[in-house]
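Hi,

Here is the model I promised to pass on. Please have a look, and then read my notes below.

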Amino acid sequence: MTLSDLLTYLRARKAGVYYSDVAGALGIPTLRIVRAERTHTVPNLTPDELGRLAEYFEVPVEELRQAQRQTRHDLTTYLGTQERAGAPAYLRLLGGIAVAGPVVWRDRHAVAVQQPDQSVFVVYRSSVEAWGETKDE
Amino acid sequence: MPYNSLRPVREKKGMTIAQVAGKTSISIRTLQSYESGERAISADDLRKLSRVLYASTTELLQPTVPPPPPPAPPPRPVEPAPVREAVPVTPAADLADRLPGDVRAEAEVHRPPSGRPSFGRPPSPRPPRPPREPFTPRPPGPSTAGQIDQIRNLGRRLGLDDSALVERIGASLESLDHTAARAAIAVLRKDMEESGTWQPRVQESPDQEAEYLAKLRDRRVPIDVVLINGERFQGLIESFTPYVVQLRDVQSGADVYVRKLAIAYYRTEGPAHDAQ
């Protein structure tokens, strides 16, 4: 999971706190939190800010550092590439659920994947743990 | 408007407007307007003028005939029209010969040495403009640290070590100037594009979900929503905003407002061709 999406997920898990709640509790400008979630590249959070975020969300700081290795753009590029090629996209969600299928639509928050029974599975990016793996993996 | 006697009295005393203005602290413009009758003399100014000009207020306010208009300037002598050098070219001397007698005399008087009549002030001689130096492009500056980093990164993604990178670029990184570094980056990007390593930037659509939810709502397609904490809700979409979806349970009719931030995923309960 990317750091941007992980921060969204952690906000949701913590009773859906707002950006301003996080910023006020940590003494970080609200705009930095907003940008960290929305940036296409690696959020430019300092190690100190990462530490405070980890403490606030009650997760190991290493989890945030790990998420920093991938950018929001990486997932977007993967989905866009699969969509253009008409190839199925493979997504692994938090909780171990795997979803695969052609991309129906995608936007900043979610991606819709068609299922073999013709139903549509809409996945929010903040619940995507990994992507690009086959079902066998 | 009746004219007062301010001007005759002042001239009789042999004073100029400026002198009166200096002694009375009345502005020259105001005095001019008093004398011309544009304005009536104020009581305060009238007392000042009476004191300075040694005249009674009655004498100053005595109406007089308006001052004569200034003499008209003498008419300017009619000068011959400028002789233009037109096609066919006619020598100025020939033109002068064709003019009537009086005008020809004027033309003879104003004829400059070049043969063309001159009007107004003669042009001031200008020094000749020095010839422009031929344009020579500035030599390119040195390459920036960012360019060198970018070349190294591109080479790394292509799997090129330093020696292979130098061989591909044709020069060492230290010897590249700004233009050569830019060209090297373009070459490496082209290599990446051809090898499939480099992907063009993929844009994120701002909001496709709203359109999709609207179709599900309009076609009464039931959905199954799963939140990040594992809770599930099923129902028909009644309404939605960018942040909240209102679901109505088909059987009980109860409404549930689900915040999108809390949604992990949702799916249509059956085929949803129409909604795509």
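A word on terms before the strands: two strands pair if DSSP finds at least two bridges between them, where strands (E, at least two residues) and helices (H or I, at least four) are DSSP runs numbered from the N terminus. This is a predicted model, so local features need pLDDT of at least 70 and side-chain atom pairs count only at pLDDT 80 or more, while totals for chains, interfaces and linings use all residues. Residues are numbered from 1 along each chain as its sequence is written, and chains are lettered from A and ligands numbered from 1 in the order in which they are written.

I started in chain B. Strand S2 (residues 232–240) and strand S3 (residues 244–248) run antiparallel, joined by 4 bridges, and a hairpin of 3 residues links S2(B) to S3(B). Across this pair, Phe240(B) stands opposite Val245(B).

S3(B) also pairs with strand S4 (residues 255–259) of chain B, antiparallel over 5 bridges; here Val245(B) stands opposite Val258(B). The hairpin between S3(B) and S4(B) has 6 residues, and Gly253(B) in the turn has a positive phi of about 80 degrees.

Now the two chains together. Counting a contact when C-beta atoms, placed from the backbone, lie within 7 Å, 28 residues of chain A touch 25 residues of chain B. S5(A) gives the most to the chain A side, with 5 residues. S5(A) is also joined to strand S5 (residues 263–268) of chain B by 3 bridges, running antiparallel, and Phe121(A) stands opposite Arg267(B) there.

Best wishes

Methods. Contact = placed C-beta atoms within 7 Å.
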